[in-house]
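Please examine the structure shown here with attention to its helices and its aromatic side chains.

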Amino acid sequence: MLVLITAHAVVAAVLPALEARIGRAVWVVAALVPLATLVWAGALTPTVLDGGAPLENLPWAPSLGLDAVMRLDALSLLMVFVVSGVGAAVLFYSAHYTQEEHGRESALLLLFAGVMLGLVTADNLLVLYVFWELTTVVSFLLIAGRGRTREHRDAAEEALVVTTGGGLTMLLGFLMLGEAAGTYRVSELVADPPSGGYVPAALVLVLIGVFTKSAQMPLHGWLPAAMVAPTPVSAYLHAAAMVKAGVYLVARLAPGFADVAPWRPLVLTVGLVSLLFGAWRALWERDLKRVLAYGTVSELGLLIALFGYGTRNAVLAGEVMLLAHATFKSALFLVTGLIEHHTGTRDLGRLSGLGRRRPVLLTMAVLAAASMAGLPPLVGYLGHEAYFDTFWKAARLGAGWGEPWIVAALTVGSALTVAYAARFLWGAFGDKSGVRSPPADDPADRGIGMAAPIGVLVAAALVMGVWYPGTETFTEPYAAQMPRLQEPYHLALWHGVTPALALSVGTLLAGLLIHRDRAALAVVRARSPRLPDVQEGYRWLRHGLDGAAVWFTRRTQVGSLPAYLTVMLTIVLVVPGTALLLRESPLTVPPLWASAIQVPLAVVVLASAVALARVRRRLSAALLVGVVGYGVAGFFLVQGAPDLALTQFLVETLTLVIIVLVLRGLPARFGARAGTLRVRRLRLALSVAAGVLVGLLAMVASAVRKEPEASAYYMAHAEEAGAHNVVNAILVDFRAMDTLGEIAVLLVTAIGVGSLLTLRGARSAGARTIRSRLPAANRDPRTARWDVPRSEWLPEARHLPLHDRSMLLEIVTWVLFPAILAFSVHLLYSGHLRPGGGFAGGLVAGQAFALRHLVGGRVGAAFHRLADPRVIAGAGLALAAIAGLAPIVFGGVPLTSALLDWTLPVFGHVKVATSVVFDTGIYLLVVGVCLRLLTAVGPLQVSVEESVQAAGDEPGVPTAPDDRGSRDR
Amino acid sequence: MTTLDLTGAVVVGGLFAVGFHLLLQRSLMRLLFGFLVLGHATNLLVLLASGPPGKPPVLGEGQEAEAFADPLPQAMALTAIVITFGITTLLLALVYRSWYLLGHDQVRDDVEDRRLGEEREAQ
């Protein structure tokens, strides 16, 4: 089964490509797949009818109960014949019907056949649901076509919205059923159905899904609307296959659930109401396809009632009617398609005299319509007889499920069915006075190609009727599983003179009478109150939803970032705040401080933070935020986290350098304080409240914290990793995967900064040419000024304007630079034993470059020749990744490290953990990132200097650089 | 474990308050500073909430294991610090870019949001 479903999908995937080569013939290729399925199903038929049920299982997530279990029992077999048989016929028919887009249409139809095959063989509720929704999606694509007209788009949308809405409801019901039963296997569920609890509710939810899919009143509106689809699509999806999915599900679940409380009243009411009103509506439509569509609503209602009733005889009648409906309804649709093809219309008011011109077509249509009306010797007659007999006897027996009413509804419904069948034939083929049928233009060959599949379908209906023992052999096994309330009914064309025969004849005559006196009925219809139109209802609902969405968006999507943040913060305050208040607090009276040094630190941090909130100058703010950072580093140190403190100090310094470098390109002051006094007070109150909340949470969190087991583990195993510094061991060994991800993020941010700052157009290129040569006078020791460098201590400083250079700083930098770099390497390699490590080392090296950048300017210029910072950073990431993957080569788990013990000539006894390679990767990456950041902000500095010179001529804008002109707007 | 001391709680709370206050404003640069302060505050929160001060978790000097500070929050905070650095520089670049392209570094209301709503309502 899985192979066949896959084959459908695979062939469907290649069809569009095939179209370019073989054109129309893609339809034939497509039809081969359902034909193969038919052969396969035929080969399995004896097994299945003997009670076997071939099973295929593709375990996917067994722990979740998600297995693609496919099962072929008698009911599935019946559906497979319908799906693949009608599918093959429709595909052959389409080869001649379709005018364009053969590839797309054939692929979608074939895909649909595959999905439908999956739906009727799935034995897992969730798998069934997936196929169920896939049919909806494919149906959407088929109805919409290329979405050229609004009508197509609306119809497709409505079908999608209504059926997925029902599908979701059904999913909920499935989940409830599955949980109640403890299994999602359909066969197990039905064999041992859960009861009580929420099972009735689950069934109602499932049935709502069924009613949307099978277009039951009042959820049927999408089906007539979907008649804008090409006729083969209507014939296949909206008559034979997709809309039968709901019926199939009712048939599938009926053995287990027909006796559970809401099932029978619900399916019988909805089914019979649909039977009556669908048939009634079909009487008044002018479009042949819509006549058939309302007929489908009606017939599906009948099927749901029959299967839902859930006794042996009713289900047998249901199965026969299902086969009958699949053959006659798709045949009639295909006939309609052929008529439209010939005449260009399917309006029965504009067609006339076609019967005389097309005798063969008329014969086929009459046979199909006769099957629909329940005339012998067609299969429809067998079905009619079966249900009349069943319910007549049931009514006499009185099982107490309202059988007399059912018989009445069936009789009226059947009479109406006869009436609209007659109306269809009269409308399509009859002679109408005063109507001149549009001229037929049809290449004869195409007519035959399209007529042949119709002939096959009609022949099938005829064969199933005449060879009724065969039909019974085929349908009996599934029906036999149902409870037998009466003598088993046997299909036959002649049972003698029975009440059922009387009902059949009676409905036939009544139907013909209704058709003849339609005019009189129209008067009655005009006088009776109109039922609310579901299409109106759907439109009203859609508009209402649209309006509500707009209203909601207008009120919530105000576009103001502070407003959004205010809302979020308020929710943070309200929800965890309430929780904090309501729960019993574990708080004891806290100590004033853990260590007295904290107090001055706290004063400094808080004072700078408050000042930060108040200052107007950007530079002051940058310095104050630096003070806060250093203060926090002090806290880290007190807390016993030297690694953290070290990193914090280094990061704070680098941040400060970079902020200041960028600030030189920005105005000195912040913009005016925004907002009214009220807004500002609200802001203040909100942030203070949030601060208090977090403070309280911090105390509560620390009070309820349990003994940290993870840390104890790390402590115990750090020695094994060759580390004394547990923090470093966690970073490069125990949690190395996290670190790897983190440095990757760091690299990404650096790339982002680089792109954002260097995307500046051509004007910055000019800045690179600035070059200050030492004045000739300075080369002579006698005339040189002492504080202007005489020689090139830092080669890159040549690019700076002379007045920006300082010999003292240059010499100091020249001395310090290699020393700091050496220290950074030391930090890197001692990190496993003492505070330090790749991050700290890399950041220290970053400071060295920052120093050089500040003194010599344009650090990138000097080092670009050696290596691109991006290459360094990338190499770091690659090294870390390789170090992580290397253990695989030695048969280990990725990201583990080994301890190496060497005795080297000079160093003596050396103990090295391989994780140091990983740490080196981190180091390189951090260095690369720092360099990249400095080179990115470097050109900014130059342009600022340029702008200062430019601003000299333009005193009005002292702080703005001269790139106003090159701005986008 | 024992409750966090009052000083620590006040500092964390105060930093959060200042951070939120800055974040609620319209100057991108203030937003950036707010982000930085919130970053500091969060790292401090993680660390302080992990327990009272202890010895640095560096083994091999014959100390009792109980005396050590918890290393796991430290490792977490360390990576957080470095990431915050990366994000800060990225935000800074965005601030600069905004100023470079628009001539200001204010967060304006998203006019697209408003216009979309108004147009739909007018229909």
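This report on a predicted model treats helix packing and then aromatic contacts.

In chain A, helix H11 (residues 244-257) and helix H13 (residues 288-309) have axes that come within 8 Å and cross at roughly 10°. Since angles under 35 degrees count as roughly parallel, H11(A) and H13(A) are therefore roughly parallel to each other.

H11(A) contributes A:Lys244, A:Val247, A:Val250, A:Ala251 and A:Ala254 to the contact, and H13(A) contributes A:Leu300, A:Leu303, A:Ile304, A:Phe307 and A:Gly308.

## Helix H17

Helix H17 of chain A, residues 379-397, spans 27 Å from its first C-alpha to its last, close to the 27 Å expected for its 19 residues. Of these 19 residues, 14 are buried, so H17(A) is largely enclosed by the rest of the structure.

Over all chains, 13 aromatic pairs are counted. One of them joins A:Phe112 and A:Tyr236 edge-to-face, at 5.4 Å centre to centre and with 80° between the planes. A:Phe112 belongs to helix H4 of chain A and A:Tyr236 to helix H10 of chain A, so the pair ties together parts 124 residues apart in sequence. A:Phe112 is buried at 0% relative accessibility, and A:Tyr236 is buried at 1%.

A:Phe817 and A:Phe849 also form an edge-to-face pair, with centres 5.3 Å apart and planes at 70°. This pair links helix H34 of chain A, which holds A:Phe817, to helix H35 of chain A, which holds A:Phe849, 32 residues apart. Elsewhere, A:Tyr713, A:Tyr714 and A:Phe734 form one aromatic cluster.

Methods. Residues are numbered from 1 along each chain as its sequence is written. Chains are lettered from A and ligands numbered from 1 in the order in which they are written. Side-chain values use heavy atoms; hydrogens and water are left out. Axes are lines fitted to C-alpha atoms, for helices over the stretch in contact, and angles run from 0 to 180 degrees between N-to-C directions. Helices (H or I, at least four residues) and strands (E, at least two) are DSSP runs, numbered from the N terminus. Angles under 35 degrees count as roughly parallel, over 145 as roughly antiparallel, 65 to 115 as roughly perpendicular and the rest as oblique. Contact means heavy atoms within 4.5 Å. The expected span of a helix is 1.5 Å times one less than its number of residues. Buried means under 20% relative accessible area, exposed over 50%, partly exposed in between (1.4 Å probe, protein chains only). Rings of Phe, Tyr and Trp (its six-membered ring) pair if their centres lie within 6.5 Å; planes under 30 degrees apart count as stacked, over 60 as edge-to-face and the rest as tilted.
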